[in-house]
Amino acid sequence: MPGEKDFIQSIEQNQKIIHKVCNLYMNNEQDKKDLFQEILLAAWKGYGNFKGDAKFSTWLYRVALNTAITFYRKDKRQIETAELKEQVTVFVDNNVPKEEQLTAMHMAIAGLSKIDKALVMLYLEDYDYNEIGNVMGITVNNVAVKMSRIKIKLKESAEKYL
Amino acid sequence: MELDDFKQLYRENDSGDRATHSAGELEDCMRSKTRSITGKIKRSILFEFVVAVFFVALALWSWFHYPSRLTRPFAMLTIALCCIFFLYLGALYKKIVAYEKAPPAVKDGLRQVITILQQFTRLYFQFTMITLPIVFIFGLIAGYLEITGDARVQFFNWFRGILFYTIAFILWWIIMYFFTRWYIKKLYGNYLMQLQQQLKDIENG
C-alpha cells in the first residue's frame, strides 16, 4: 500500500511515544497491547492526511492521546481499580535516587483524570504550553491554569503516599 | 517532590530503549481488526445497511408475488423507511470516516466521538420506536381485511376487538420503549457518561 513503508519507518522511530501513552493509561500487559494496536491503527487511518505541518511526533501524540482517552472497554478492567503499584514502571527505572518520592509521584500521576494525565505527559515531554494547547485543543491560558492546578494537586497527593 | 523536580529526573532517565516492535510486528498489528468505538459503530452501520437492503429486496419481491391491497402500500412504506434509514446511516458513516482520516485535537476528538455516539443511539432508538406503530396500523388493517373477507365472522365485536388490540399495542410499545432505552444505556450509557465527563474536564478552565 502506498505510504505504508514510510509510515512503518516513522512509527519504528517514534514508537516510544505509543508505549509511553499505553503505560500511562493501561495497567496490565494485555490492555497495553490492545491500546498499542488501536493507536497504530488510528495513526495508519489518519496518516494519509498528515501533511507534515507539525512534527510527526506531535501528530502521533495527538493520535495516541485521542485514542487512549476515548478507548472503549467492554469489561470493567479500569485503571482506577487496578493496582497503582504497577504504574511505577511508567516513566523511569526504579534504581534512581529518591525512589520513594518518585514512587509517590508516580502514584499521584496514576490517580489523575485521563485529561490531566495527558497534560502531565506532554509537560514531561518538554512541550511548551502552546504546543500542549494545540494537541489538546485548548488555549494557552487554559493550559497554564490547568497545569498550575495539577502541580498543586500532585504535590498534595504525592505527600499522602509518602 | 514537585512536578518540576520530577520532570528533571524524568528527562535525565528517559533512555527510550524500552519495548520495541520490529517493522514486521508493526505490519501485523496494522492488519488486525480495530476495537475502537468508531470501528464498532462502523461495523454496526454496515450490518444494518445489509439488513435494510434485505428488507428492500423482500418488499420488492412481495410487491410482485402478492399483489393484494395491503402488500403494495406496506412494501412502499418499507422501501421509503429503508431509504431514509440509508441516508442517515450513510451520513453517519461519512462522519466517522472523516473523523478517522483527520485526527483532531483531543477536545474536538472527544466532541466528535460523543456526537457520533449520540446520533447513532438516537437513530437506533427512534427507528425502533417509529416502526412499532407502523406495524400496529398495518396489523390492524390486515386484521380488518381478514375478518371482512371471512363470511363466518358475522358477529365480531369491533369495539372490543380494536380496544384489546390497541391496549396490547400500547403495552408492547411501553415495554419496547423501556427495553430499548435500557439496552442502549447498557451498551453505551456508561461509556458516553465517561466521555462527557472527560469533555467537561477539558473544557473547565
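View 1. Of the contacts in chain B with a separation of 6 or more, 76% join residues 24 or more positions apart; two residues are in contact if their C-beta atoms, placed from the backbone, lie within 7 Å. This is a predicted model, in which local features need pLDDT of at least 70, side-chain atom pairs count only at pLDDT 80 or more, and totals for chains, interfaces and linings use all residues. Residues are numbered from 1 along each chain as its sequence is written, while chains are lettered from A and ligands numbered from 1 in the order in which they are written. Chain B has six helices and zero strands, in the order α-α-α-α-α-α from the N terminus on. Helices (H or I, at least four residues) and strands (E, at least two) are DSSP runs, numbered from the N terminus. The C-alpha trace of chain B spans about 95 × 40 × 25 Å along its principal axes.

**View 2. The loop residue B:Ala102.** B:Ala102 lies between helix H4 (71-101) and helix H5 (106-148) of chain B. Why does B:Ala102 count as partly exposed? Because B:Ala102 has 13 C-beta neighbours inside 10 Å; a residue is buried if 20 or more other C-beta atoms lie within 10 Å of its own, exposed if 12 or fewer, and partly exposed in between, with C-beta atoms placed from the backbone. Of the 205 residues of chain B, 15% count as buried. Leaving aside residues up to four places away in sequence, B:Ala102 touches A:Gly46 and A:Asn49.

**View 3. The contact of chain A with chain B.** Chain A brings 51 residues to the contact and chain B brings 43 residues. Among the elements of chain A that give two or more residues to this side are helix H3 (56-69) and helix H7 (140-161). Helix H2(A) gives the most, with nine residues. The side of chain A that touches chain B divides into 25 nonpolar, 14 polar and 12 charged residues. Here Ala, Val, Leu, Ile, Met, Phe, Trp, Tyr, Cys and Pro count as nonpolar, Asp, Glu, Lys and Arg as charged, and the others, Gly among them, as polar.

**View 4. Helices H1 and H5 of chain A.** A:Lys20, A:Leu24 and A:Tyr25 in H1(A) meet A:Lys114, A:Lys117 and A:Met121 in H5(A). These residues comprise three nonpolar, no polar and three charged.

Note on methods: Axes fitted to C-alpha atoms, helices over the stretch in contact; angles between N-to-C directions.
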